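Me: I would like to go through a structure feature by feature and learn how each one is read. Could we begin with a helix?

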Amino acid sequence: MSSAPLMSSSSLDPDLADNIPVVDIPGSYGLPFLGPILDRYDYFYNQGEVEFFQSRKDKYQSTVFRSNMPPGPFMAKNSKVIVLLDNTSFPILFDVSKVEKKDLFEGTYMASTKFTGGYRMCAFLDPSEPKHATLKGFFLATLAKLKDKVIPQFTTVYSDLFTTLEEQVKLNGKSSFNDLNDNKAMEFIFRLYCNNKNPADTKLGATASKTFDFWLVPQLAPLITLGLTMLPNFIEDLALHTFPIPFCIVKSAYNKIYDSFYDNLGSILDDAESAGLQRDEACHNIIFLNGFNSYGGFKVFFPALFKWIGAAGPSLHSQLASEIRGAVAAEGDLTAAAIEKMPLTKSVVWEALRIEPPVAFQYAKAKEDLLVRSSDNKFYLIKKGEMIFGYQPFATKDELVFADAGKFVPDRFVGTEGQKLVKNVYWSNGRETDSPTANDKQCPGKDLVVLLSRLVVAQFFLRYDTFTCEAEKFLLGSKTTFTSLTKATSAK
């Protein structure tokens, strides 16, 4: 790689010294139209997601390079991005004073607003847009209002999940955690927001999670491959990545979702009106928040969490069980205070979020010329208007930041030195040490996801001493199947 002449960086980033040698960003976008399609086929079919990035990182000997990102033609007008793969450069994506986030939630394309009642959801708004602070402030206020209901509601719903899981393992020798988790995650979310109403007793019926999946898939289709070996790649590519799936296919399903939430949100919609929002816009936003952020997060992350804990084996299980039961005994129940006394449990959750983040991609557009430093101390100039793409599974497995970065280390974040690493976990579109505000793009449910992830682990090891499971790659996450459970003799 060649270096550009020394330049003053003071006008670009006051944190960087003057006269920094700037390295040209390597990579190529290829020929117009053809280049994005070739990269798309490499990403989905010829190489796969991980090898797509690894091969280019190796080729250019750089964690910062130019490439196209799917879907490309004909869904995305511009698929050109600057890829960031290291832990040091990645946080530029969080700095909304320097980057814009408008209409970039899904990447280089945006699904039709018909999927969301004709409104642009908060996730697609840049913080500079006035409606963003109103909507996100409403989300944060709503979560604060519901906080006392979270633990009792969750433990009740997931107690049923573990009972069914145990029965299926005993009867069949295995149980698909994903299927049970999808159903119970949706039930918990709906009950939490809708006055303890069971979604099965609404228009959603007993298949609430499937209805949500049906609505989500057309919006996420450009980012996934089904992995069906009997289906020729060009047919899947044409169906999923070339033209958008029309909303009319899922209109009936979304109407059920909307009506069920609207009829049962009650005082939450009153609060929205008080905040200056229309009731229907607030309802569509709550559905999107819960569909993508909450349900989508639990759907992807909980199976991954148990996959990693299961692979770690009985030694870790014994340590977790001892810590969890001791903390609960000291507090008298499974409470927020008890969870705070579980440092290993906290670390395990952060480590799972680090090694397999539920959201792999982050996008932003440079508001100004930016100097970006990589973990190996190279500096790159990103021009105003260029699209920046961060691939988080590489950024949070940066060997220059995390020792044994590709290995699941349960106690990585325990102790003083471990706590110093927490800031480098980025799953929530922000640092793990930061808290979301109305003026940033960090996930508003970030703290809730972390709490419930710890809670589901704690609840599990109050019931069981150890377990075994099998896992495989599954669309946007992992499919985890429990194959054995050893019940605790003193399970609560």
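**Reading helices, sheets and cysteines**

Reply: Helix α9, residues 279-312, has 34 residues, and its first and last C-alpha atoms are 47 Å apart, close to the 50 Å expected at 1.5 Å a residue. Keep in mind that this is a predicted model.

Me: Where does α9 bend, and by about how many degrees?

Reply: The bend in α9 is at N290, and it amounts to about 35 degrees.

Me: How many residues of α9 are buried?

Reply: The general idea first: an α-helix has 3.6 residues a turn, so residues three or four places apart point the same way. In α9, 28 of the 34 residues are buried, so the helix is largely enclosed by the rest of the structure.

Me: What does the same reading give for helix α4?

Reply: Helix α4 covers residues 177-193; at 1.5 Å a residue its 17 residues should span 24 Å, and the end C-alpha atoms are 24 Å apart, which agrees. Of these 17 residues, 15 are buried, so α4 too is largely enclosed by the rest of the structure. Just after α4, N195 has a positive phi of about 55 degrees.

Me: Now sheets. What is the strand order in the sheet that contains β11?

Reply: The general idea is that in a regular strand the side chains alternate between the two faces of the sheet. Here the order is β5-β11-β10, an open sheet of 3 strands with antiparallel pairing. The edge strands are β5 (175-176) and β10 (464-474), each of which pairs on one side only.

Me: How many bridges join β10 to β11?

Reply: β10 and β11 (residues 477-487) are paired in the antiparallel sense over 10 bridges. Which helices pack on this sheet? Helix α3 (residues 130-172) does, touching β5, β10 and β11, and its direction makes about 75 degrees with that of β11. α9 also packs on the sheet, where it touches β10 and β11; the angle between its direction and that of β11 is about 50 degrees.

Me: Which residues are bridge partners between these strands?

Reply: One of the pairs is E470 with T481 in β11. F474 has G477 in β11 as its bridge partner. β10 and β11 form a hairpin with 2 residues between them, and L475 in the turn has a positive phi of about 50 degrees. On the β5 side, 2 bridges join β5 to β11, and these strands run antiparallel. S175 stands opposite F482 in β11.

Me: What is the order of the sheet that contains β8, and what kind of pairing does it have?

Reply: That is an open sheet of 3 strands in the order β1-β8-β7, with mixed pairing. β1 (22-23) and β7 (370-373) stand at the edges with a single partner strand each, so one side of each has no neighbour in the sheet. The pairing of β7 with β8 (residues 379-382) is antiparallel, over 4 bridges. V372 stands opposite Y380 in β8.

Me: Which residues is T142 in contact with, leaving aside its neighbours within four places in sequence?

Reply: The contacts of T142 are with Y193 and I268. T142 lies in helix α3, and its relative accessibility of 5% is why T142 counts as buried.

Me: Last, how many disulfides does the structure have?

Reply: A disulfide is a covalent bond between the sulfur atoms of two cysteines. The count here is 0 disulfides, taking sulfur atoms within 2.5 Å as the cut-off. C122 is in no disulfide, and the nearest cysteine sulfur, that of C443, is 11 Å away. For C443, the closest cysteine sulfur is in C122 at 11 Å, too far for a bond. C122 counts as buried at 6% relative accessibility, and C443 counts as buried at 11%.

Terms used: Residues numbered from 1 in each chain as written. Predicted model: local features only at pLDDT ≥ 70, side-chain atom pairs only at ≥ 80, totals over all residues. Heavy atoms only, no water. Expected span 1.5 Å × (residues − 1). Bend = angle between axes of the 7 residues up to and from the residue. Buried < 20%, exposed > 50% of the residue type's maximum accessible area, 1.4 Å probe, protein only. Pairing = 2+ DSSP bridges. Contact = heavy atoms within 4.5 Å. Axes fitted to C-alpha atoms, helices over the stretch in contact; angles between N-to-C directions.
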